[in-house]
Amino acid sequence: MRAAALIVPIFAIMSCAFLPDASAQQPAPGQIIFAKDLTREQFKALPSSQVIDFGNERITKGEFLDRIKTAIADANKKLPELKQHLLAAFAARHKEVVDRENTALADGNSKVQAEIARLVAADADGHGPNWDARRQQAADILERAKRATPEERSTLEKQAADLLAPTAK
Amino acid sequence: MNTRCSMVFLAALALLLDNAVARAQGTITGLSFDLPAVKTCALETIKVSGTGQCGTFTVDLGDGTPTVHLPGHFPILVYHAYTKQGTYTPVAKGQGNCSGTASAALQVVGPSITSIFPFSQIKPDGWVIVQGENFGNLPGKLLMHYKTFSGQQTEASLLSLQWGDTFASGMIPFIGGLADQQVTFTVETQCGSQSNEWSANFTAFRDVQLTAYNRIGCTMNPGASVSDECQGWGGTNWPEECGLATWGTEITQTTGFQAYHASGWGFSGNSGNDQFSVSLNNGWVLDMVTPLQWEYVGGGSTATEWFVSPAGTSNPQVGVPWHVDNCGMIWYSGDIIITGPIGVPY
């Protein structure tokens, strides 16, 4: 980058003597103009048929501008595709993140659920046979007890407590 | 009431009293418990002792529930489940020719959370186990207390409960619009007794979004000229010396960033650097920036490298160095993908 920056001004100084003055007359027909030596105003002033040396090729100003027009038209056609690429990239990332979240959650939940299963089994084991059924029956009785008279409630609560008490295996 | 009715009533009352005296001559002498301390919801057996036989006596359970009226032979057993922790003093008191009063203090202990299972998933659809004591044998409620994004304190019951006296577990419902925060869990026993609160860090489910176009600011170095735009469109600013006045069809961006640079005549073209930035809130941070999409006219136009803030930044920046040929143009676009709590605005 530094080398290029140095070369251009030096070359511009060396070729300065051969430059047409922008305010002066047009270059003679057939005269080659070097692009690197042109100022903005000089370029604007050139006729469309003027041949310009662009370093790697020589084409007329008209051909150069036509080439830009074509390039712009081609680029313009591609613009909608560019946004589609962005949206596709987002969709892929969205899926990746959601999948990652769900996978991490599933992994974490499996550890917790294993522990829950262990706790439930230990709890049932400590309460004796038919623990789930007894517990459900006790819950139903206690629901009835909520609407009973004080004396009935006492009896119902006793029934529920008997169901919930540990029994021999 | 006429005289005849009064006489019938008094005769009946005398007969009743006579029968009661003949049947019930008792004294309450004591009140004791099956267990000296009991858990909430668990049945306590209250034993009323005495001598003789009581026709009727009452037991005030001490917790505001209606008084129990009981007849019978001593000892009399009364069953009751207390729903709130504390110290209660049931009182048995004779009625009619049943004399005596007895009472005793009873300690009732409530549910207590002592820990949370370390692998608990404190997030939407996550399973949680709280551990402790005195939860009771029947399922109650496992509650998570949290603040909504609008600041309202509320609670949610965990789903699919599994329950034991020393643990309660369930799944946090999928709640959107919650930022990461400290929440508390409580256990409510089957009979309504509340436990202590236990704090834990809630992590919201992560969403990813494209940053809205109008939330992204930009600066250019060098500053704007007639042919430079960032977060804008340079369609009408093509340098006139290049012989073109317009550029394509404008695309309205709803997300992401973009810039347009066109160079007028100059053998070395033009170079610069664009900086895009966005300020994120409520736990939203940068996830990534999409690969740059760009289109150009001119062989030396580039916008291929950039500076991007590291992921996790709440004020991400994107820098795009560019170069444009003489009479060249470059247009580029990218999206800033951000991640944050689902349902919470950024």
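The largest pocket holds about 610 Å³ of space. This is a predicted model, in which local features need pLDDT of at least 70 and side-chain atom pairs count only at pLDDT 80 or more, while totals for chains, interfaces and linings use all residues. Residues are numbered from 1 along each chain as its sequence is written, chains are lettered from A and ligands numbered from 1 in the order in which they are written, and side-chain values use heavy atoms, with hydrogens and water left out.

**The two chains**

- Chain A has five helices and three strands; helices (H or I, at least four residues) and strands (E, at least two) are DSSP runs, numbered from the N terminus.
- Read from the N terminus, the order of elements in chain A is α-β-α-β-β-α-α-α.
- Chain B contains one helix and 29 strands.
- Of the 169 residues in chain A, 34% are buried, where buried means under 20% relative accessible area, exposed means over 50% and partly exposed lies in between (1.4 Å probe, protein chains only).
- In chain B, which has 346 residues, the buried share is 50%.
- In chain B, 67% of contacts between residues at least 6 apart in sequence join residues at least 24 apart.

**The largest pocket**

- A pocket is defined on a 1 Å grid over the protein atoms alone, as an open set of points where a 1.4 Å probe fits, with protein on both sides within 12 Å along at least five of seven lines; lining residues have an atom within 4 Å of a point.
- Grid points are joined across faces, edges and corners, and a volume is the space filled by probe spheres set on the points.
- The largest pocket has 30 lining residues, and those nearest its centre are Ala161(A), Leu164(A), Ala42(B), Leu43(B) and Asn137(B).
- Two or more lining residues come from each of α3 (61–127) and α5 (150–164) in chain A, and from each of β2 (37–39), β3 (43–60) and β5 (76–81) in chain B.
- α5(A) provides the largest share of this lining, six residues.
- The lining of the largest pocket comprises 16 nonpolar, seven polar and seven charged residues; Ala, Val, Leu, Ile, Met, Phe, Trp, Tyr, Cys and Pro count as nonpolar, Asp, Glu, Lys and Arg as charged, and the others, Gly among them, as polar.

**The second largest pocket**

- The volume of the second largest pocket is about 440 Å³.
- It is lined by 24 residues, with Phe64(A), Arg67(A), Gly298(B), Gly299(B) and Asp325(B) closest to its centre.
- α3 of chain A and β25 (293–297) of chain B each supply at least two of the lining residues.
- α3(A) gives the most to this lining, with seven residues.
- By class, the lining of the second largest pocket has ten nonpolar, eight polar and six charged residues.

**Salt bridges**

- Side chains of opposite charge can pair when their charged atoms come close.
- Ten salt bridges are counted over all chains, a salt bridge being a side-chain nitrogen of Lys or Arg within 4 Å of a carboxyl oxygen of Asp or Glu.
- Asp53(A) pairs with Arg58(A) in a salt bridge whose closest N and O atoms are 3.0 Å apart; Asp53(A) is buried, at 11% relative accessible area.
- Glu115(A) and Arg118(A) form a salt bridge with closest N and O atoms 2.9 Å apart.
- Both residues lie in helix α3 of chain A, three residues apart, about one turn of the helix.
- Glu115(A) is buried, at 15% relative accessible area, whereas Arg118(A) is partly exposed, at 47%.
- Asp162(A) and Lys158(A) form a salt bridge in which the closest N and O atoms are 2.8 Å apart.
- These two residues are four apart in helix α5 of chain A, so about one helical turn separates Asp162(A) from Lys158(A).
- Asp162(A) is partly exposed, at 44% relative accessible area, and Lys158(A) is also partly exposed, at 24%.
- Arg93(A), Glu96(A) and Asp287(B) are joined into one network by salt bridges that share partners.

**A buried lysine without a salt bridge**

- Lys123(B) sits in the loop between β11 (112–116) and β12 (127–133) of chain B.
- Lys123(B) is buried but has no salt bridge, and Glu101(A), the nearest side chain of opposite charge, is 5.3 Å away; Lys and Arg count as positive and Asp and Glu as negative, while His and the chain ends are not counted.
- Leaving out residues up to four places away in sequence, Lys123(B) touches Leu105(A), Ile172(B), Phe202(B) and Thr203(B).

Notes
Contact = heavy atoms within 4.5 Å.
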